[in-house]
Amino acid sequence: MAGSVWVVVEQWQGQINDISFEALALGRELADALQVPLEAILPGPQCSTLAGQLGCADTVLCADHAALAEPIPEVHAAALADLARQRQPRVVLVPATNNVWGVSTLLGAILGAPAVNFAIDLKASDGALEARCVLYGGKLETRVRLTKEPAIIGLWPGARPADQGRSERQPAVEQVPVSVPSDVRLRLKRYIEPEAGEVDLTREDILVAVGRGIQSKDNLELAEELAQALGGEVCGSRPVVDQGWLPLSRQVGKSGLTVKPKLYLALGISGAPEHVEGMKNSALIVAVNTDPQAPIFNLAHYGVVADALELMPALAEAVRARKG
Amino acid sequence: MHFLVLMRMVPDVIEELEIAPDGKSLDREALRLIASESDDHALEEALLLKERHGGRVTVVAPEAPEVDDLLYAAAAKGADRLVRLRGVNPGLGVPALAGSCVAALQSSAGLLPADLILTGAQTIEDLDGLIAPLVAFRLGLPYIGVVTAVTEIAEGKASVIKEFQAGYRGEFEIALPAVLGVQSAEKPPRYVPVAKVRAAMKSAKIEDVEVPQPVAQSLDGIEVLSMAKPEVAGRAEMLEGSPEEVAGKICELLAERGLL
Ligand SMILES: Cc1cc2nc3c(=O)[nH]c(=O)nc-3n(C[C@H](O)[C@H](O)[C@H](O)COP(=O)(O)OP(=O)(O)OC[C@H]3O[C@@H](n4cnc5c(N)ncnc54)[C@H](O)[C@@H]3O)c2cc1C
């Protein structure tokens, strides 16, 4: 229906991604505030089998097209644009995951519509849409008003709890035809499975996480000693993995693992949104950083402004002394 | 092979970020700028490809304070042509910036054709879109983002590795010419000693290319209401003292939770 709120639902390996439910929860609030329907757009083959999980929406629009099975940004953007032109939504919430990375930007470009990135919240204020976005690696936030429609919102993880977007209700399901470009110049050849790690970090109770702040590969030893004293494992942020100091199987965040340990000790990690999405639900987060303004302190339960290289040996020593 | 790398300067977030008196933007006077991290990776990937396949690397960067350092460093690492785009206003507005860049690429400066256009997957201030898909869209080229390697180039096609989630990756085939949003290069960006950068300053030349009919770099359909430090529900409780004292306090917290 014209003027409705849209949530683009993302499938990953035949399942609906959690962030899609987060987006539905937010979309529901917005649709209710604007008194318009909430429509879930489900692209991909066999989408009818998944539609029943999307009862948070009033209607599920199934764009059942074989070409949408592959995560090709150009194809997904073209299909969404085609559908948006037919049905004129007011706002389109697109999960900002790596999978079809760039799709919200392309959708905005095709439709000549504004596309905001890094959004963590969205509301209607006096009938206008207002988004809150994280910039500068989490150091600043901006509030923006969308002055053109449809507004494309690249939604980051964590806007609402995923469970809030799940519902037992059966939504109305509509099959919608979409057209996609025929001369696609990008093709998925194969999926590559994750490198098998020696341990499954998602099952660990205690994680000692290191970031660029540890400064060199040699200092990793301090983290390993600390992890050993605590009975935990070492993991890290992306730059540590990019430098080859830790294997990809130990990366936490958007492209890596999502972990929920009992203790997440973040050492020299700034707290960029792409890292935070992989560890924000840890039961206890203790962050050590030399920068008192580091965004990680906005999330951690306890914080220490200190040199991690000094704190690591002191803490390992104290833990060993206590354990006897 | 011609590899064209589009690079941008962004605020260094290790420094304090000051908000301008309007409360809606960064105080750009007070900023220290550095090359966007994933743009550095895009350059590295281009240099690796040149080493492997031959050809040349052109680096194009919109003018900004310190951008000359970025360009000379690129030359010291092995870039062949350095281009500074003039007439681009700093600030937010990625679609407008993409428009300016594409106009310059298509101008008489002879920057195109390129087999691959590489740039970073994202910068920390891409509020209204990513530059790689926008450049691809305007040039009518295929695009893929979050790229971590280009494993093969043959017969007008490239094989690229892209990251999904949870450690999953995908191998894609893309027809050339194409635009890649690079997340990280196959190897960490190479280090160049200051002496080599100084030498490049003497030997390399930066060309200026004027953006034809500069597009006002502004936000379209997006009005910034405010920019500020994040609103947070609860900040961390800070632990203070010497490393030994803090270590003791952390042990207490862990013991209370049965983690020691
Ligand atoms: C598509 C995409 C996917 C991504 N996926 C991931 C991902 O899966 N995981 C991930 O982590 N990132 C990911 N990123 C990258 C992310 O944006 C950040 O660049 C990254 O998380 C930063 O890592 P960091 O905190 O270690 O480094 P930085 O941001 O550089 O922070 C280093 C911190 O260390 C502090 N420090 C310096 N010296 C010391 C010291 N001696 N003691 C204590 N503190 C010190 C500094 O103050 C600073 O806060 C992704 C980005 C994109 C665009």
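In this predicted model, the axes of helix α8 (residues 308–323) of chain A and helix α6 (residues 243–256) of chain B approach within 8 Å and cross at roughly 50°. Axes here are lines fitted to C-alpha atoms, for helices over the stretch in contact, with angles from 0 to 180 degrees between N-to-C directions. Helices (H or I, at least four residues) and strands (E, at least two) are DSSP runs, numbered from the N terminus. The crossing of α8(A) with α6(B) is right-handed, a term used if the near helix is turned clockwise from the far one by less than a right angle.

On the α8(A) side, the contact (heavy atoms within 4.5 Å) involves A:E310, A:L311, A:A314, A:L315, A:A318, A:V319 and A:R322. Their partners on α6(B) are B:P243, B:E244, B:V246, B:A247, B:I250, B:C251, B:E252 and B:A255. By class, the residues of this contact comprise 11 nonpolar, no polar and 4 charged. Ala, Val, Leu, Ile, Met, Phe, Trp, Tyr, Cys and Pro count as nonpolar, Asp, Glu, Lys and Arg as charged, and the others, Gly among them, as polar.

Positive phi values in residues other than glycine occur at A:Q13, near 50°, and at A:Q215, about 70°. A:Q13 lies in the loop between β2 (11–12) and β3 (15–16) of chain A and is partly exposed, with a relative accessible area of 49%. A:Q215, in the loop between β13 (206–210) and α5 (220–230), counts as exposed at 57%. Buried means under 20% relative accessible area, exposed over 50%, and partly exposed in between (1.4 Å probe, protein chains only).

As for confidence, the model scores ipTM 0.96 and pTM 0.96. Chain B has a mean pLDDT of 94, with 97% of its residues at 70 or more; pLDDT is the predictor's confidence in each residue, from 0 to 100.

Residues are numbered from 1 along each chain as its sequence is written, and chains are lettered from A and ligands numbered from 1 in the order in which they are written. Local features need pLDDT of at least 70, side-chain atom pairs count only at pLDDT 80 or more, and totals for chains, interfaces and linings use all residues, while side-chain values use heavy atoms, leaving out hydrogens and water.
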